[in-house]
Structures are given as structure tokens and as C-alpha cells.
Amino acid sequence: MTGVPVDVLLVEDDRRLAELTATYLEQNGLRVAIESRGDRAVERCQRERPRLVLLDLMLPGLDGIAVCRELRRSAKLSILMFTARDTD
């Protein structure tokens, strides 16, 4: 999705959940890009400069906490973390 402004970068490895979430957001007027791996999310954020990152905690490559820490070092953007975990 290079060159196209992105409102939301959705970082989620569950393809079905990612597509469902992206569809909902797109139906509400947002441009969404999906990334399934934490280790590629930081680079995509730097390249695509989304307004919001929806970030799963449990990801392949790099977990959501590490992605969040890395993004906080290099960018000022909103991050919303979500997970299927049932503990803090």
C-alpha cells in the first residue's frame, strides 16, 4: 500500500479477525492496512505513517509490547492495543 495514505495500520496475525476489523473500519470511512507480523509493523509505520495503530499483543516476529516500545521511540502516533488474553 505504498503511496496511499493510511488512517489505521492494523497489526493482527489472525487473518479472519483482521479482515473483519478492517471491513468494519473501512465501512466507517477509514483507510486500513493490515500487517500480520510484529517485526514488520515498525517499518510499515515509518513508511506509511498511519494516524492510528491497532496492535495485537501476541504476534509472530516481535510481540505487541516490543512493537509499542519501538514505535514510541521513533514516532508520535496513537496506539490502541488489543488482545484475546484474559490476564493483565
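Me: Which residue in β3 stands opposite Leu9?

Reply: Good place to start! This is a predicted model, where local features need pLDDT of at least 70, side-chain atom pairs count only at pLDDT 80 or more, and totals for chains, interfaces and linings use all residues. Residues are numbered from 1 along each chain as its sequence is written, and side-chain values use heavy atoms, leaving out hydrogens and water. Strands (E, at least two residues) and helices (H or I, at least four) are DSSP runs numbered from the N terminus. Strand β1 covers residues 8-11 and runs parallel to β3, with four bridges joining them; opposite Leu9 in β3 stands Val53.

Me: What is the order of the strands in the open sheet?

Reply: Two strands pair if DSSP finds at least two bridges between them. Four bridges join β1 to β2, and four join β1 to β3. The sheet has four strands with parallel pairing, and their order is β2-β1-β3-β4.

Me: Which are the edge strands?

Reply: Look for strands that pair on one side only. These are β2 (32-35) and β4 (78-82).

Me: At about what angle does helix α1 run to β2?

Reply: Helix α1 (residues 15-27) lies across β1, β2, β3 and β4, and together β1, α1 and β2 make a right-handed β-α-β unit. Right-handed means that, with the strands pointing away from the viewer, the path from the first strand over the helix to the second runs clockwise. Axes are lines fitted to C-alpha atoms, for helices over the stretch in contact (heavy atoms within 4.5 Å). Angles run from 0 to 180 degrees between N-to-C directions, and for α1 and β2 the angle is about 170°.

Me: Is Tyr24 buried or exposed?

Reply: Tyr24 is found in helix α1. Buried means under 20% relative accessible area, exposed over 50%, and partly exposed in between (1.4 Å probe, protein chains only). Because its relative accessible area is 55%, Tyr24 is exposed.

Me: And Asp56, is that buried or exposed?

Reply: Asp56 sits in strand β3 (residues 52-56). Not counting residues up to four places away in sequence, Asp56 touches Val11, Glu12, Asp13, Gly64, Phe82 and Thr83. Its relative accessible area is 6%, so Asp56 is buried.

Me: Which residue's backbone nitrogen does the side chain of Asp56 reach?

Reply: A polar contact is a pair of N or O atoms within 3.5 Å; within protein, one must be able to donate a hydrogen and the other to accept it, and residues adjacent in sequence count only if both atoms are side-chain atoms. At 3.5 Å, the side chain of Asp56 reaches the backbone nitrogen of Met58.
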